[in-house]
Every structure is written in C-alpha cells, then in structure tokens.
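Reader: I'd like to learn how to read a chain like this one, feature by feature. Can we go through it together?

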Amino acid sequence: MASCPPFLLAPQPPPPLVAVRHCRSPFAGRAHPLTSCCAPRLRRRQSCRCSSPSSSSSSSSGPRERSPRPRQQKQRTEQRPGRGSGSAVDPVGFLAKTSVSDRAFAQFLRDRHKAFKDRRWDVCSRFIDLKEGSSGFELMGMHRHRQHRVDFMDWAPGARYCALVGDFNQWSATENCAREGHLGHDDFGYWSVTLEDKLREGQEPDEYFFQEYNYVDDYDKGDKGVDVEDLIRRMNEEYWEPGEIKSRKSQLERVAKLYEEMFGPNSPQTEEELGEIPDAETRYNNWKATQNDGLSSSSPSYDIIDTGQEFDIFNVVTDRASFEKFQTKAPPLAYWIEMRKGRKAWIEKYVPAISHKDNYRVYFNTPDGALERVPAWATYVLPDAEGMQSYAVHWEPPPEEIYKWRYGRPRVKGSLRIYECHVGISGSEQKISSFQEFTSNVLSHIKDAGYNAVQIIGVVEHKDYSSVGYKVTNYFAVSSRFGTPDDFKKLVDEAHGLGLLVLLDIVHSYASAEEMVGLSLFDGSNDCYFHSGKRGHHKYWGTRMFKYDDVDVLHFLLSNLNWWVTEYQIDGFQFHSLSSMLYTHNGFSTFTGAIEEYCNQYVDKDALIYLILANEMLHELHPDIITIAEDATYYPGLCEPTTQGGLGFDYWANLSIPEMWLWHLENVPEREWSMNKIMKVLISSNHNMLSYVENHNQSISGRKSFAEIILNTGMCSSGSVDDDSIFKASSLLKIIKLITFTTSGGAYLNFMGNEFAHPKRVEFPMSSNDYSFQLACRKWELLDKGVHKHVFSFDKDIMSLDENERITKRGSLNVHQCDDTSMVISFTRGPFLFVFNFNPEVSYELHRVGVDEAGEYQLILNTDETKYGGRGELKSSQYMKKTSDKRVDGCRNSLELALSSTSAQVYKLVRILRI
C-alpha cells in the first residue's frame, strides 16, 4: 500500500543584513521608548516571551552593528527538529521511498500541504505559535488569579449572554455574569466571567490594586510588611543610573524640551514664524556639532538612522560600552512580587468566591432561549443524585491535599509491550472498579507480566458507561466513576515508578451527542464545535463530527492533547478510529486498496491537517511522546515524517491481524489454514507496526474472546493437560501469540486478561443484559489454575525474551519457509530463527529449515515445554543445533529440527562458523 500525506513549512531565509553607521543620537540621555505588542485575545497569563537579539555571541566578540529587523510576522512554520531527518520539506517525499507513482495522489498531497500551511498560519496568527495554540487550558475554564479572584472563560459564539450558576451563588443567573464590552465578550465568541473573593467581616480592602496572593505557601515576601514606596525607591536606586531617570511635572514636559532642542530657546510659536525646516540630516549634523563627546554620560548611546528604507526605525546602533552595560544589567525589581502575600493572609482577609468541590454550570442566553451547560473545559464532572444530569465541580484542593508527583517519566528502550486495560472492569467483583483499586491490584501484575506500557481506555469523562468510554462528553475531565483527578494522578505516578509508560486512548474522531453535559448544541447553535447538517453526525453511531477547519475547534482539540500530557504526565496517545474522521462516509465504505480512494471527494482534508498539526505540536513540545494511529483503512503515510508528506505517527495499529485470526478460527478448519495468507497479513508492512492477537474490540459488543473460541470453556476450569482438546487449543493459542509478537514492527498490544486466556468476553451493563456486571469484570483467580497458568507463564516468557533480546527491534524479517502443505513457517530476524508448525496432526522428527548464517543455534523458547502445558517431547540434548551445508529454502545452510504438532521454537545463533 502506498503511503501518503505531507507537511511542515520550509524555513524561509532571513532578510538580508544591511550595514548601518555608529553615531550618537540627539535623544541620548532620554529613556528609551519600548514598543509594546498587543497580544491576541487568547494569550496565557505568563509574561510575554519577546524575541530578542542573540547575546551569546556578544560575550566573545562584543556588540555588533545590528542589522535592520523588518517588522514582519515571525516565521511560524519552522521545520521540526528530529521529525524529518533534517531534510527539506517535500510534500510528496515518501512516495518515492515507497515506490508510489500516482499523479492524482501526488497532486492531492501538494494541495493538502498548501492548505496545511494556510491552516497553521491561521492558528499561529491567532495564538502566536503552536505552543500557545495548544495551551488554552491555562486560560480557559476556571482558574484562580493571583489577585484574589477566580477567572472563568469559555467559547460560545452563538450566545448573547453568559453567566456562571452554582452552589456559590445559589444558582442565580444574574449575580455572576460576563461584563459588557470586550472585557466580557470578544469578537471570536469567548466569554469571560470574574468571581471576586469576598472580604471577611471587619476586613479592609487591599491598599494597592495590584496586591497578589500565593495560594500555596502560607507565607510569602509581602507578609514581612514591605511598603510599596520603599520598593519603588529601591528599584530606582538599584536599576537606574544617576541622572538616567528624571521626574516630570507634566506629561508635556518632555515634548516641550524636545521642541526646544530642535528649534532653540526662543522657538517660533506660530507656523508663520517657523519658516522653512531643514531636512533631518542637516538638523542632526547641526545638533551633533553642539555635543561634547568628551563628556561622560551614564545614559545609553544610540542612533536611529533613516536611509529611506521601509524599516529604518529598527536600525538602532549602539556603542560597545553602552551595549555591554545594558546586557549585564539585571531587570528591575518586580515590586508586585515582592509584595505578594501568602495563603494564610488570603484566608484571613477573604472568603473564596467559589470553594473546592462546589458544583457549577455555565448559563447562556441564546436566540432560542436560555440554557445551562457543563463548561467545555471542565476538569471534573459529577452526575446529580438521580444520575440524569451533570454539573462541573470546581477542583481546587488546599495545598496539603494537592497530589505531589514522586516519579519522573520512565524511558523505555527497545520495543513497546502495551497492556491495554479498562479501569472499570479491572476488578474481580461485579462492580465498577476505581483508580485506587487499579493502582493497588493491577499495576503490579502488569509489571510482573513483563509489559512496559499500559494503555487505558475509557478514562475521559463519558455519560454512557456501556459505550466503553468512547462517547466522550467532557474532554478535560477524568471519569468520575473511577475517582478524582488526584486518584488518576497517583495511578500514573505509580505506573511511572514501576517503569511503565502510560498511554491514553483518545477519541478526537467524534464526540457524544449529549447536550447539557456534552458539546452538542453547546451554545444553542448546531455548528459550534461540529459540522451542521448530515456531515455533523456519524452515519451509524449517533455521535457528532468535529469541524476540523475551525481555528477555535483546533484550539480546543490541540489544547486537550497538551492538557493530558501536562496535567497528568501522560506518555502518549492512541488516536481512536481515524477512519471515522478521515472520510465523510465515516469509513463505512468498501476499500479495494486503490490509491484514488485516499484522495477522492470523500476524504476530509481538514481532518488530515488536524492530525498533522497534532503530531507536530506533540512532538515539538514533548519530544518523547508516543502517538499511535488506529485506522482501519491504513491511510498512506501514517508513520512517515511530516516533512516528507506523512502524518507523523510513531506507530500504526494493524487491525487486519486480529480479523485474520478470527476469520480462520470461525470459518476454516485448522488443517486447511493457509500459511501464505497468514504471513501476507502479518508482514505486509511491519514498519512501525503495532501488532496484537486481540484487543478490546475482539471481546466486546457481543463478540467472543479468542480464548472463549479456542478453548472449550466448559472443560477449561479443570485445565488438565491430559485432555487432548485442551492441549491442542492451548498450543494453538500460544503459537498464535508468538508469531504475532515476533512479526510486529516494534510494538505489541495485549488486552487485559488475554495474557492468561481469560475465558469470558466483556459485556458492559446495558438494557440487553438487564444492566448486569457479570461479564464486566476479570477473573483474576484463574491466574494460578490449569491452562490459564500455563498460558500466562508462556506470555510472560515472551515478554521477558523481548526485554532481554529486543527481538522486535532487530530489523526486517527474512522468511525462508512458508509451506501450505507441511504448514511450517520459518523466518529469521537478526540472529534469531523462528520455526512454527501449524499442523494439528503431524509432528516432524527431522524437518530441515534453511538459514543464512552457518553456526550453532541454541533453543531459547519452545512452546511444547511442560511449564507451558506442553508434553516436553524435545529433549535437552536437542537444544543445541549445528548447521549443515545442505541448501534448503534458497539458503546455503540448514538445520534439522524436530517439530511437534501445533508448536513453535525460537533459536539464537550463539556461534558463527566460518567456512
């Protein structure tokens, strides 16, 4: 299959340098006027990061004559380091790599690249850059401001009035509303509401309007009784040079003095008296002749040279002494920080406007009437007592209750061994399990099983539990069914302490159609976050489809990704069901694999652009982040660099593998399995491929788990290896696991319970099963029983083998034998030889397989060992094999092996023989 997509702007060369002259200014001695840039509406509260001339070179070579800096927009679309191997941007670069030569698709990539540059420019024009555009959570939603107040902001362009209602104001729709004008509502539809803390009885208001409080520490600098007048005096004495700052009696004093300098003490008072004004250069030369260069001055020396060019105002030339003096000068004292008081002083003076765990909603007045909504950026949401409606919960725990991170992010070397799980069904009891129970009981099992990453589904808040968490309602909130935000932080932290990465199954391909608690009709209009009309609805699932061409929707989605990484230390994402968003038919169409199906009128170009922006942003801000694409249509270029036309994912999930196994198990007798068909699916393209035998899809929604299909569950409880049917079933399950794992492209996934052949499927409580939890749990007690114990021991040893040998990172496979008649498959990967006998009836005492390298091969894994529930037919004397020079399978050397029926063996080259 061909690969596809592009993106990332090629860096433009800097403007040419223009030499300028050194000279003194007629305004030397005056304070240097600083230009201030007006920040966009949605800027973070932190101080503005202004780009300044590089000072690193000045330390060695001194100040240079500064070249003109045109007042142009900052280059927003720079090449991302490390994501394109340093090569220039080529929107169709990966097509040559994959030998694809389709003109229509290549043109589609070029057109999409142009659209991507425009979209990125739109985002950066509004939010400065991708970092700001993905940091909306620092401004949106509910945040405590340092000046004893709480600020709330949300986006509702279709609303005409906005207010906050909740426990803190007895749900009044008029008490806390957005102010009139731009301070309460901007042109983009963002509403701002301020909740002022209330003075306690007997307390006086703060003397200074800029008084700040530190809500975390009891005591701060301002608690020492510092006076603002003393601070300003200190600031003037420590920062300004003598004579550099001068008092002014009037705002016009400086203008009058400048006028006097230009025209003399007896300057003309009328236009007629003014006469002809000399040109600027003449006036400058006349002024300079009157200056005494020998006089020392503490003021900086600079000139602004006007040569008629467009941006001459920026051609500021300084002398060496002034420049070095300015570079070494510390910034002035921040008196507002020096006066900041601590939490203790705040508690004594104020009553919080909204308290920790207070319930609230946002109230809108729309053209269709009034409505209440759970804020789109709410970080904690709870249902009411009846469970019918929901409200946001203000989460602001006191300092002593704030969760403190104990461990840093782990670094995983080698392949990803992912343990996929759902917190709610992770317990043995028939109930919804919690974050705390998962942390205590399941994390240690995952570590012991040999996995190095845990992927959690259903964490983001959702109203319908039976949806497995895929109909998301509140994108910034963890599901309250499982616990609080701090409970989830502890889960992630403990996983990191065990060396486990934490991945999140994120759903940005569609959203729940819920209104009050979700985003649908959020501001009363049908096209706020989603497309209007039929395109805004999923054809089969009843969900809403995002409007990926809207800058504010992109701001919401990009910020959501960054939020989980920043707030909860998430290590990566699996993007769920990309086919739902990439096509207007939501992926429900017949795909033949023709390249035109990826660039026709049904492809949503805006969704592709969003995925590229998401990968660009995540890998720029968090270089170690992991992104996985789940796309049933295998869109070309999923894991290609964005600079070469790819989408930029790190891995792609091969959904065909479990479907292939399921089809064979349910439709084809085991003796008739085709080895060629199996290998074609397993290694069709294992570059960055995540493989799995089954994930949650295979055991949810009325389907059976593979263990339920392969093993006779009525007999499985005894687990007697003497029972031939149980033996054959478990043997088949083991070799399916092994061949799927060893052919993966550096990543493997296992769904919770499948590592020990869980005998039951998953079925969430719903009306069809009378809301029963009987199948919404895991039978952990089977871990130490019969066949389940043997399968778990085998699965654990596979993980351990990869941990020690890094098998799946050994490069590409070399298939030497794939015979439908004998049902034997053999291939090498690095120094390892893998041999599989899928024949359920025939064992081979002497079966010859070809190898490239002559030498001695040692058996390191055998599925027929007794500890795995096998019969142990291979003796220890047969564990070391030496090659012969007999040509087999097109190889110059071969091994003669004994293969039991339905078994597999792994050999390692331990000694090379030179011939």
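**Hairpins, contacts and salt bridges**

Author: Let's start with a hairpin: β23 and β24 have four residues between them, and M823 in that turn shows a positive phi of about 60 degrees. Helices and strands here are DSSP runs numbered from the N terminus (H or I, at least four residues, for helices; E, at least two, for strands). Two strands pair if DSSP finds at least two bridges between them. Before going on, note that this is a predicted model, where local features need pLDDT of at least 70, side-chain atom pairs count only at pLDDT 80 or more, and totals for chains, interfaces and linings use all residues. Residues are numbered from 1 along each chain as its sequence is written, and side-chain values use heavy atoms, with hydrogens and water left out.

Reader: How many bridges join β23 to β24, and which way do the strands run?

Author: Five bridges join β23 (residues 814-819) to β24, and the two run antiparallel.

Reader: How do I read burial along a strand, and how many residues of β24 are buried?

Author: Go by relative accessible area: under 20% is buried, over 50% exposed, and in between partly exposed (1.4 Å probe, protein chains only). In β24 (residues 824-829), six of its six residues are buried. V824, S826 and T828 point one way, while I825, F827 and R829 point the other way.

Reader: Which residues does S744 touch?

Author: A contact means heavy atoms within 4.5 Å. Leaving aside residues up to four places away in sequence, S744 touches N686, M689, S691, T808 and R829. S744 sits in the loop between α22 (724-742) and β22 (747-751), and it counts as buried because its relative accessibility is 0%. There is also a polar contact to look for, meaning a pair of N or O atoms within 3.5 Å; within protein, one must be able to donate a hydrogen and the other to accept it, and residues adjacent in sequence count only if both atoms are side-chain atoms. Here a polar atom of the S744 side chain lies 2.9 Å from the backbone oxygen of F741.

Reader: On to charges. How many salt bridges does a search of the whole structure find?

Author: Take a salt bridge as a side-chain nitrogen of Lys or Arg within 4 Å of a carboxyl oxygen of Asp or Glu. The search finds 37 of them. In one, D571 meets R409, with the closest N and O atoms 3.1 Å apart. That pair links distant parts of the chain, 162 residues apart: D571 is in the loop between α15 and β18, R409 in the loop between β12 (390-393) and β13 (416-422).

Reader: Is D571 buried or exposed?

Author: D571 is buried because its relative accessible area is 5%, whereas R409, at 36%, is partly exposed. Now take D624 and R411, whose side chains meet in a salt bridge (3.0 Å, N to O). D624 lies in the loop between α17 (605-621) and β19 (626-629), and its partner R411 is 213 residues apart from it, in the loop between β12 and β13. Both D624 and R411 are exposed.

Reader: Which residues are linked in a network of salt bridges?

Author: That would be R120, E616 and E620.
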